[in-house]
Amino acid sequence: MTYWLQELQQKRWEYCNNLDAAKRDSRTSPTPSDFSKGLVAKDNPDLSILSQNASAEKARNILAVETSPTDLVGEQAASQPAPVQASAINFSLKQWSTEIKNSMSSLRKGSNENRRSVFYTTEEWELLDPTPKDLEDSMALEEKRKHLAEGNKEWCSGNGNRLVSELQLKYQSQQEELEKLKKDLLSQKELVRLLQQTVRSSQYDKYFASHLCEGVPKDTLELLHQKDDQILGLNNQLEKLNLEKDSLQQEVKNLKCKVGELNERLGMLMETIQAKDEVIMKLSRQLSECEDSTSPQSGAINSPTPTCTNKELQELDRLKDNLQGYKTQNKFLNKEILELSTLRRNAEAREREWQAKYTSLEAKLCQIESKYLILLQEMKTPVCSEDQSPAREVITQLLEDALKAEPSEQPEQAFFKPHLVSEYDIYGFQTIPEDDDEEKLVAKSRALDLKSLSLSENREISTGVKWENYLASTMNREMMRCVELKNLIRSGIPHEHRSKMWKWCVNLHVKKFKDSAVPGYFQVLLQKALEKPNPASKQIELDLLRTLPNNKHYSSPTSEGIQKLRNVLLAFSWRNPDIGYCQGLNRLVAIALLYLEQEDAFWCLVTIVEVFMPRDYYTKTLLGSQVDQRVFKDLLSEKLPRLHAHFEQYKVDYTLITFNWFLVVFVDSVVSDILFKIWDSFLYEGPKVIFRFALALFKYKEEEILKLQDSMSIFKYLRYFTRTILDARKLTAIAFGDLNPFPLRQIRNRRAYHLEKVRLELTELEAIREDFLRERETCVEKRDLISDDEEDS
């Protein structure tokens, strides 16, 4: 049984280690060898591989049971003599109660080395240094064990009991003194904090009454008092939230202590079971030997006297009774283990609920900070006629404090510490501009709102779990198109899996091109482009630094993304000499390079230009782009008739805004979180996604647009309204839910219809141009007229 238990524990240990390794690998990608690629991967902190717990390994080695495995299993292995440890004494039939004491003391010998062990159950072993409270608990457990063995024999002497009781009283007194000191310290800290807050408020009131009130109108003073009360109220609310958070954390800590005590109790019960199982095996072996000695086959059947036989039978009956008692106790202990497991699961569920509550409170705190920034923005305008008034200085100082990017180290400001917004997001885009303070406040407020949305969305956790389960199910088989995968991609690919999924989507669309290309096709094209510059090289160089200037990967000539962007665009210009280079391709490649390597980004551009978009989409005439704008007009009139009629009434040409959406797939038009969710679906489903999200953006702000009653304000609103949309979940629900049905066949038919109309219009324009040129050659008065295109040529 001991060998079987050791093997079972070894299997559980290997399983949990493999589970931890799978979790570590899932932080990067579904397979251990496939890490995130692209420029964003270098900024990903989750790529570090966590090392195994050294203390857990040490505890496992210390608590390992030394046994000698045999080739026998089942009943044959059970009938073998049980292994006896070196520290255990020889057992005899008359001293079976002493055997329990020696077995338990040998299993607990680690307690004499100032260590306590917790029996490994589900996750890991623990080896902790004892605290006074732990020593006290261990003494209490010792007393319980003593009561368990009390029914058989007293195994502790009077001196040992007296020593244990003295130590217990000593540590109890020390623990009580320590608790009193802690309570006194906490009360003193609270008193000091209240006194400091009172002194600060009195100093502020004195300063405000003596300096700020001179020469200030009464209505302005009342306004400042109101704002000051609002700020103090926000500070008090924040302090209450912090206190509530501390109480929740303390409660979680208490629950963890309780779980540790339950684990200790479980360990004690398992040790007791193991010791009693060893006794049972020893008694069973001795019983079998006795039966063999009294069997008819043995020659000594006539040797024992009837008195000895009766004694042996009585001993046998007593052993059977003890065995039955041990079985009953074993069932009881199994029931206790099940109940302890249930308690632990309940504790974990409560901890998850508290974590969700804490996240909700943190999201509310972000909203309060955003309102605080808005309040500062309202107070930025001077309320006094003087330029350098004290009130203006106070507001200026508050603005500077709010826009600081580094945390304050002053202890007196620790009671109110706003959440800091980093300079760049996870994609490398700049979150806060560097020039105008007003734009800084707006950008920081938007960043706080985004953070509040991300914290309050518990759905993101379930989405991540769904992705982990799906990728784990496809580790040993190839991924295929299916409804489950499409729904997962529409909900957004997690940051750590986006590189793998984008590469898979691109390969799905360009597999036929790759199969027909020579090995190293991208490198061959790049070598040609570097050796023989083509006409597109000059325009590519001019647009490199203008691609994504607000992204740190493309902000300077020495940035790593600039060289990769140059290589991909040059290679593509050699593959498609008819297109060469068109403004807009640089932004498509720049977004692809954030998650893909150069060659994969090249094939991503091939997918967009040659597979997704119609012909002449990126040529000089932009014929395909013009066609899509007409198709979009038809869809807008069908899906959003009120908004379309509103645009027609005020003669607003919204295609001047949407043209760029289609050309670069919303790059620089929406916030980065929404942009990459759009690209996830776009690389999987194709250009239909662009129509969906373009209509969804208008539907999201339809009511606000309908309130505008002149063409100038409408067009001005259309130029920036997409940057104010922050809720990606709501936008995705509109795009893939509210706009259904959305058949691709309808888009293809309308593209074909409008393509013929645009071609006829271009043919008529070309005929008019030729007639004008002929007329200009024949007419002397018009011979001096030169168009801009001819002048450039």
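Author: Helix α23 passes helix α27 in a right-handed crossing. A crossing is called right-handed if the near helix is turned clockwise from the far one by less than a right angle, and left-handed if it is turned anticlockwise. The model is predicted: local features need pLDDT of at least 70 and side-chain atom pairs count only at pLDDT 80 or more, while totals for chains, interfaces and linings use all residues. Residues are numbered from 1 along each chain as its sequence is written, and side-chain values use heavy atoms, with hydrogens and water left out.

Helices (H or I, at least four residues) and strands (E, at least two) are DSSP runs numbered from the N terminus. By that count the chain has 29 helices and two strands.

Two packed helices are described by the angle between their axes and the distance between the axes. The axes are lines fitted to C-alpha atoms, for helices over the stretch in contact, and angles run from 0 to 180 degrees between N-to-C directions. For α23 (residues 672-685) and α27 (residues 728-738), the axes come within 10 Å and cross at roughly 30°. That makes α23 roughly parallel to α27; the term covers angles under 35 degrees, with over 145 being roughly antiparallel, 65 to 115 roughly perpendicular and the rest oblique. On the α23 side the contact (heavy atoms within 4.5 Å) uses Ile-674, Lys-677, Ser-681 and Glu-685, and on the α27 side Ala-728, Leu-731 and Phe-736. Sorted by class, this contact of α23 with α27 holds four nonpolar, one polar and two charged residues. Nonpolar here covers Ala, Val, Leu, Ile, Met, Phe, Trp, Tyr, Cys and Pro, charged covers Asp, Glu, Lys and Arg, and polar covers the others, Gly among them.

Helix α23 also packs against α13. The axes of α13 and α23 come within 9 Å and cross at roughly 30°, which makes α13 roughly parallel to α23. This crossing of α13 past α23 is left-handed. Arg-498, Trp-502, Trp-504, Cys-505 and His-509 of α13 make the contact with Phe-676, Trp-679, Asp-680, Leu-683 and Tyr-684 of α23. The classes in the contact of α13 with α23 are seven nonpolar, one polar and two charged residues.

Two residues of that contact, Asp-680 and Arg-498, join their side chains in a salt bridge at 3.0 Å, N to O. The pair links distant parts of the chain, with Asp-680 in α23 and Arg-498 in α13 (residues 498-509), 182 residues apart. A salt bridge is a side-chain nitrogen of Lys or Arg within 4 Å of a carboxyl oxygen of Asp or Glu. Asp-680 counts as buried, at 0% relative accessibility, and Arg-498 is buried as well, at 3%. Buried means under 20% relative accessible area, exposed over 50% and partly exposed in between (1.4 Å probe, protein chains only). Of the 793 residues of the chain, 37% count as buried.

The salt-bridge rule gives a count of 22. Some of the others lie within a single helix. Glu-190 pairs with Arg-193, the closest N and O atoms being 2.6 Å apart. These two residues are three apart in helix α6 (residues 158-212), so about one helical turn separates Glu-190 from Arg-193. Glu-190 is partly exposed at 37% relative accessible area, and Arg-193 is partly exposed at 28%. Glu-190 and Arg-193 are linked with Glu-239 in a network of salt bridges. Another salt bridge joins the side chains of Glu-289 and Arg-285 (3.0 Å, N to O). Both Glu-289 and Arg-285 lie in helix α7 (residues 218-293), four residues or about one turn apart. Glu-289 is partly exposed at 43%, as is Arg-285 at 22%.

As a further packed pair, take α17 (residues 560-575) and α19 (residues 598-612), whose axes are 10 Å apart at an angle of about 45°. α17 and α19 are therefore oblique to each other, and their crossing is right-handed.

For the chain overall, residues 24 or more positions apart account for 77% of the contacts with a separation of 6 or more.
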